[in-house]
There are 2 protein chains.
Amino acid sequence: MPTIKDLAARVGVSVATVSNVLNGKPNVGAAVRDKVLRAAKELGYQPHRAAQAMRTGRTRAIGLVLPDLTNPFFPQLAQAVENTARHLGLLVCLIDSQGGTEGESDGLILLSQHGVDGIIWCPVGPHIPAPLRDLDRPVVLIDRPKPGFAAVHSNYLQGGQLLARYALQQGHTRVGLLSGPSDLESAQQRRNGFIRAYPKRIRVAWEVRVGFDGILTREARDTLLRRQRASLIVAGNDLIAINAMHFLAEHGISVPDDVSVTGFDDISWAKVVSPRLTTIAQPLTAIGNRAVELLQGAMSGSKIPSRPTIFDVTLVERDSVKSI
Amino acid sequence: MPTIKDLAARVGVSVATVSNVLNGKPNVGAAVRDKVLRAAKELGYQPHRAAQAMRTGRTRAIGLVLPDLTNPFFPQLAQAVENTARHLGLLVCLIDSQGGTEGESDGLILLSQHGVDGIIWCPVGPHIPAPLRDLDRPVVLIDRPKPGFAAVHSNYLQGGQLLARYALQQGHTRVGLLSGPSDLESAQQRRNGFIRAYPKRIRVAWEVRVGFDGILTREARDTLLRRQRASLIVAGNDLIAINAMHFLAEHGISVPDDVSVTGFDDISWAKVVSPRLTTIAQPLTAIGNRAVELLQGAMSGSKIPSRPTIFDVTLVERDSVKSI
DNA sequence: CGGGCGGGGTTAAACGTTTTTCCTTTGGGC
DNA sequence: GCCCAAAGGAAAAACGTTTAACCCCGCCCG
């Protein structure tokens, strides 16, 4: 691999000058500049990132810390992040904690050792892992905001409202709630958005909390069988909705004929199950893009906005809700 | 951040000795060793990876180059790779080329600039991108082998055979083939495994090629409608199978009552569509693990096996095939 | 005519490691 | 009591950059 020194030798100039050319610094004549650039092309010069990193303290790499790639919510996000990062010349280092906080911590340590310039993080648990605490790099959260951090996510409140409005339009006034975990703000807001939209007109017959991974607790299953005359089940996310639909189907309860179901997220599965799931679509690509842009801004010194960046969501109407 | 020099000063010893302790080199007394280790703990010393990289030429990072994370085949693979890599102290740098060869090339350049120690690669196209050619780091291919490269993948041939045997057991002797692209060995072998298992007893009524992304060509759709009395459609992968099932459903053709369908891969969607898809499961986690282990071996100098590492697959029987 | 200034460039230090070479001590064998 | 070997440790170079400090020359201006 040719180094800056080789270029210097070939052009007959000092390494400092070569460095200045390569970094677009002033104080170097046009003639010399051209020669250096040409030589760089010819030799196929590639900057040695490790050396740069050592000198400048910046690696031009960012970390992406996710709870679980097999949760179909995340791949699209990861793809968006990677792509916009790459177009900014940033390398994405992936951590998939498999839902565990210790994996998350280990990953953060690894990232910090490698000196990533910033981190995009979708936290798995409610508190802040130690490795992140004593890390002086910018962090932006996606999907799951936390006080004190920059964040970009969807307008969950609006999503809940959209769902409520739609429910009403379709004539559902008595619903059951399969909400996500109460310590996740994103779950809480979906729920609140729904409940508070039409408090008088929509009656929630029951509510049970389950994890965002969608696995149904005993309580959830029991409640699902009783249903207490709820005509619509509003799930905290698509995974929950889909699992619920399967469970209902196994017990001979037809969706949407016996009961309607809505999800949230519009993961890829939603259009592939049957009945196809009516749900709220998040603009995942936009979220990923923006997260990287924000991080990139913060990395180059601009103050990071303390208020979260929030994207509007849209209702996608499919076949899991029947009008009554 | 404390450096090796700080440790040295604190213990009252030279930096060389500290380095030797930290790297488990011999020729340092037990007493000194303990003191250094203790000091490292107390100060919370973290090695400066960039500096190490510069000196040693190794970064302890690997690249993972995938065609498309939103293809549900890859997330599990990525997760497996990341996890076993992390447990070996390796950081995974992700490239998602979104199916394009130029994205793939750009990604490879980025990886090579960052000096990753090795690359796990699932190629999108038939030929080898330039940046990879003049890269002297070990590469191991996953899922899609190429002559001249180390590879780990499933036993596609066996998968095809399994499918053929099962088809016969269920009484299907006249089949249609929705094969994957003929320039992908992994597609070719699935097909050949199936066809050559019982050449006399199973008759292939028609065959059409489609991409592994599963989108159905005009020809595929037309053929699907005619079907020519094939009782079973053998798809090149699950994506194709699922799209075919949807297409058939739209046209009032019932699976598996009117025609049976099989897939290949056992992606997450397979158990979520209805009818649930009968397919071949690849041991993705094992493949990911092994790929990392192989790469790690190659990185530490051991010769890489030129023969691919091949994993057995299993048939998972669900509801998309009817016995006749 | 001299001093200052700025454009164009060079020198050298520094970043945090690893590793080679070298030095000092200690202890044992004769 | 001497010599030598081996063990334990130190010094310093090197990796490829960036950057601060410096230098030289020609020009402008007072």
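These legends describe close-up views of a predicted model.

**View 1. The contact between chain A and chain B.** In this view, 38 residues of chain A are in contact with 38 residues of chain B. On the chain A side, two or more residues each come from helix H4 (49–56), helix H5 (74–87), strand E2 (91–96) and helix H6 (101–114). H5(A) gives the largest share, 7 residues. Sorted by class, the side of chain A that touches chain B holds 20 nonpolar, 13 polar and 5 charged residues.

**View 2. Strand E2 of chain A beside strand E2 of chain B.** E2(A) and strand E2 (residues 91–96) of chain B run antiparallel and are joined by 3 bridges. Opposite A:Val92 stands B:Leu94, in E2(B).

**View 3. The two copies laid on each other.**

**View 4. The surroundings of DNA strand C.** There are 27 residues around DNA strand C, and those that come nearest are A:Ser14, A:Ala16, A:Gly29, B:Ile4 and B:His48. In chain A, the elements that give two or more residues to this surface are helix H2 (15–22) and H4; in chain B they are helix H1 (4–11), helix H2 (15–22) and helix H4 (49–56). The surface near DNA strand C has 13 nonpolar, 11 polar and 3 charged residues.

How values were computed:
Residues numbered from 1 in each chain as written. Chains lettered and ligands numbered in written order. Predicted model: local features only at pLDDT ≥ 70, side-chain atom pairs only at ≥ 80, totals over all residues. Contact = placed C-beta atoms within 7 Å. Helix = DSSP H or I, 4+ residues; strand = E, 2+ residues; numbered from the N terminus. Nonpolar A, V, L, I, M, F, W, Y, C, P; charged D, E, K, R; others polar. Pairing = 2+ DSSP bridges. Near = placed C-beta within 6 Å.
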